[in-house]
Amino acid sequence: MADLGNLSNTLKVLEKYNFNFQKKYGQNFLIDSNILESIADKAGITKDDCVLEIGPGIGTMTQYLCEKARFVIAVEIDKNLIPILNDTLSEYDNKTIINKDVLKVDINALCDEYNGGKPIKVVANLPYYITTPIIMGLFESHVPLDSITVMVQKEVADRMKVGPGTKDYGALSLAVQYYAHPETVLNVSANCFIPKPNVDSAVIKLTLHKDNPVSVRDEALMFALIRAAFNQRRKTLVNSISNAGLQGIAKENVVNALEKMELPQTIRGEALTLEQFARLSDLVK
Ligand code: SAM
């Protein structure tokens, strides 16, 4: 099958199958072989790797991944793309195509089945409407991961890297930085996609930490506090956490914890670092 990393080959496939783009699935297909080559390169894929690709589309990036990896698991929600993928990837026997919503797939079970439970690499041109749930889902379900190299909206890539004191700092920044080291590895022009998206894009690589950068007794509680703090980010931390109604966490717990941390009672969550959220979580428990 011809390389799909160019417009004319992609158009031929779309025409052959009379494919209609579905906006609701965030379908913007890559049509630039340099970008595709670069993504596979930055992801550092070798013949030892099992790769999970989320949203293979017509198989453009999947072709590159199948060439470089030992095995590729491709999860695609759109049933109209499955016959196309069976065609465009017919020459590769080191792949499986799963027609499901990635948010409903047991990825841990796939890792067990196809990689003996060892860490996988995730590589994708993500559907932008569900970037955050996909990334949070991978982290929170403790999928064995080596790295996640994904195309996202540029402003989301920026959000993953910032710290306190910036307007983009939020629950996503803290979760990403707790689990991984984020690095923007490519900026990608809207002209590299069909149809052309109306946002700028970037490829971000999240390399999982070997050891978590902060120690916390109850990770789930820390993230519940973080979510509460940013759900009402204009309120003080004391109020946003008390309003969240977290079981066993009363207003006095937060007041006392802030006192011990020598932080003002008027402080907002957006001013706290990851280390401070970890300490707060240990103190309120
Ligand atoms: N990988 C292809 C490429 O780079 O050309 C397509 C990328 S396109 C931005 C996103 C893909 O994700 C589409 O194929 C879309 O149908 C698929 N998708 C959207 N929502 C999904 C979901 N919940 N689970 C799995 N795939 C999904």
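A polar contact is a pair of N or O atoms within 3.5 Å. The structure shown is a predicted model.

Figure 1. A nitrogen atom of the ligand lies 2.8 Å from a polar backbone atom of Gly55. At Leu30, a backbone N or O atom is 2.9 Å from an oxygen atom of the ligand. The side chain of Glu76 supplies an N or O atom 2.6 Å from an oxygen atom of the ligand. Taken alone, the ligand exposes 590 Å², and the protein buries 99% of that area. In total, 23 residues surround the ligand. The closest of these are Gly55, Glu76, Asp101, Asn125 and Tyr129.

**Figure 2. The protein chain as a whole.** The chain has twelve helices and nine strands. Its C-alpha trace spans about 65 × 40 × 30 Å along the principal axes. For 285 residues, a compact globule would have a radius of gyration near 19 Å; the protein chain has 21 Å, which agrees. Buried residues account for 52% of the 285 residues. Among contacts between residues at least 6 apart in sequence, 67% join residues at least 24 apart. The accessible surface of the chain comes to about 13,100 Å², and 47% of it belongs to carbon and sulfur atoms.

Figure 3. Helix H9 covers residues 219-231. At 1.5 Å a residue, its 13 residues should span 18 Å, and the end C-alpha atoms are 18 Å apart, which agrees. At the N-terminal end, Asp218 caps H9, with a side-chain oxygen 3.2 Å from the backbone nitrogen of Ala220. The buried residues of H9 are Leu221, Met222, Phe223, Ala224, Leu225, Ile226, Ala228, Ala229 and Phe230. Their packing partners are helix H8 (171-179), helix H10 (237-243) and helix H12 (274-284).

**Figure 4. Asn9 in helix H1.** Asn9 is part of helix H1, which runs over residues 7-16. Its relative accessibility is 13%, so Asn9 counts as buried, the limit being under 20%. A polar atom of the Asn9 side chain lies 2.7 Å from the backbone oxygen of Asp3. Leaving aside residues up to four places away in sequence, Asn9 touches Ala2, Asp3 and Leu4.

**Figure 5. Lys95 in strand S4.** Lys95 belongs to strand S4, residues 95-98. The Lys95 side chain reaches the backbone oxygen of Tyr92 at 2.7 Å. Not counting residues up to four places away in sequence, Lys95 touches Cys66, Phe71, Val72 and Leu89. Between Lys95 and Phe193 the C-alpha to C-alpha distance is 24 Å, with 98 residues separating the pair in sequence.

**Figure 6. The cis peptide bond at Pro195.** The peptide bond from Ile194 to Pro195 is cis, and its omega is near -15 degrees. Pro195 sits in the loop between strand S8 (193-194) and strand S9 (201-208).

Figure 7. Phi of Asn18 is near 50 degrees, a positive value in a residue other than glycine. Asn18 has 61% relative accessibility and therefore counts as exposed, the limit being over 50%. Lys23 is also exposed, with a relative accessible area of 82%. In sequence Lys23 and Ala190 are 167 residues apart; in space they are 16 Å apart, C-alpha to C-alpha.

**Figure 8. Glu262 in the loop between helices H11 and H12.** Glu262 is located in the loop that joins helix H11 (251-260) and H12. Although Glu262 is not a glycine, its phi is positive, at about 60 degrees. With a relative accessible area of 71%, Glu262 is exposed.

Key:
Residues numbered from 1 in each chain as written. Predicted model: local features only at pLDDT ≥ 70, side-chain atom pairs only at ≥ 80, totals over all residues. Heavy atoms only, no water. Helix = DSSP H or I, 4+ residues; strand = E, 2+ residues; numbered from the N terminus. Expected span 1.5 Å × (residues − 1). Buried < 20%, exposed > 50% of the residue type's maximum accessible area, 1.4 Å probe, protein only. Contact = heavy atoms within 4.5 Å. Polar contact = N/O pair within 3.5 Å; in protein donor to acceptor, adjacent residues only side chain to side chain. Near = heavy atom within 4 Å. Areas by Shrake-Rupley, 256 points an atom, 1.4 Å probe, with all protein chains shown as cover. Rg over C-alpha atoms; globule rule 2.2 N^0.38 Å.
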